[in-house]
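Have the sequence and the 3D view side by side as you read.

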Amino acid sequence: MSTPYLHGHHASVLRSHSWRTVENSCPHLLPYLSSPTLKILDVGCGPGTISTDLAARVPQGFVYAIDPSADVIEKARKHAEEKGITNVRFEVGDIFNWKSLDGVEAAGFDIVHAHQVLQHLQDPLGAMKEMKVLAKPGGVLAIRDCDYTAMNWYPEHPGMQKWKDLYIAVANGLKAHPNMGKKLHAVAMEAGIPRSDIDASVAAWTFSTPEERAFWCGLWAERTVKSDYKQRALDSGFGTEQDLEEIAAMWREMEKKEDGWFAVINGQIICHIR
């Protein structure tokens, strides 16, 4: 059902995940956080920064957050504790085995949320169907994924296209879906949600200031040669050690470009469950 997580949980990966908030990663969900008593399921929560932020916004409600990695769930619990947020629960689990999770029931949540999750699954349609089961009638699914084909940058650098092509090849080799962002609405329709009940939109992360470039280019330079992605690229046969070293060096070059600019394009949907 799901692949081994392409990136793993190296520090360079978690640095990216831990930067995420509701405001910068769930803008499509903000209009639906109007009640302080909402019950929310966060699927594939990672280190829990979005989950904890959601919980802070529904102080009389509750957030149940799941992720397959026990290590990252421990980090998420620690993060919520440091923030003083108590109305969030983190558990090891995945969407395909939700019936084994204490406190997770069909039609049990006002909002079912997943951020950058479906792209890593072999069966995103199956995951969407399970999320639909867990949302209450009158509730919503809020899902966002990037589209690697749509990522763009300035100035031009041959290494950037090499990076993109290699990443997409490795992800496709794992039967993942690196371009999921542009077809979320189509997957939702396959899952039985009428097109008229799906709001589809696009939002971007932009990295252009010196601080933003240092953050984004730096973590990708490190991720390319130190995270699980490196071994996946080598095992796949699509990339060599030399390729990865060249790509990491390219990211360091891009970081130093005063006119450097990088855009991550995210597709996002709100599905209204009837």
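Threonine 52 is buried, at a relative accessible area of 3% (buried means under 20% relative accessible area, exposed over 50% and partly exposed in between, with a 1.4 Å probe and protein chains only). Before going further, please keep in mind that this is a predicted model, in which local features need pLDDT of at least 70, side-chain atom pairs count only at pLDDT 80 or more, and totals for chains, interfaces and linings use all residues. Residues are numbered from 1 along each chain as its sequence is written, and side-chain values use heavy atoms, with hydrogens and water left out.

Threonine 52 sits in helix H3; helices (H or I, at least four residues) and strands (E, at least two) are DSSP runs, numbered from the N terminus. Leaving aside residues up to four places away in sequence, threonine 52 touches His79, Ala80, Lys83, Ile85 and Phe90, where contact means heavy atoms within 4.5 Å. What about the rest of the helix? Of the 9 residues of H3 (residues 49-57), 7 are buried, so the helix is largely enclosed by the rest of the structure. Those buried residues are Thr49, Ile50, Ser51, Thr52, Asp53, Leu54 and Ala55.

Now step back to the chain. It has 10 helices and 8 strands. Its radius of gyration is 18 Å, close to the 19 Å that the globule rule gives for 274 residues, so the chain is as compact as a globular protein of that length (the radius is taken over C-alpha atoms, and the rule is 2.2 Å times the number of residues to the power 0.38). Buried residues make up 54% of the 274 residues. Among contacts with a separation of 6 or more, 79% join residues 24 or more positions apart.

On a 1 Å grid over the protein atoms alone, a cavity is a set of points where a 1.4 Å probe fits but cannot get out, and lining residues have an atom within 4 Å of a point. The count comes to 1 cavity of 30 Å³ or more, and the largest cavity holds about 40 Å³ of space; grid points are joined across faces, edges and corners, and a volume is the space filled by probe spheres set on the points. Which residues line the largest cavity? They are Tyr154, Phe207, Arg213, Cys217, Met254, Gly260, Trp261 and Phe262. Helix H8 (210-226) and strand E8 (261-272) are the elements that give two or more residues to this lining.

Technical notes:
On a 1 Å grid over the protein atoms alone, a cavity is a set of points where a 1.4 Å probe fits but cannot get out, and a pocket is an open set with protein on both sides within 12 Å along at least five of seven lines; lining residues have an atom within 4 Å of a point.
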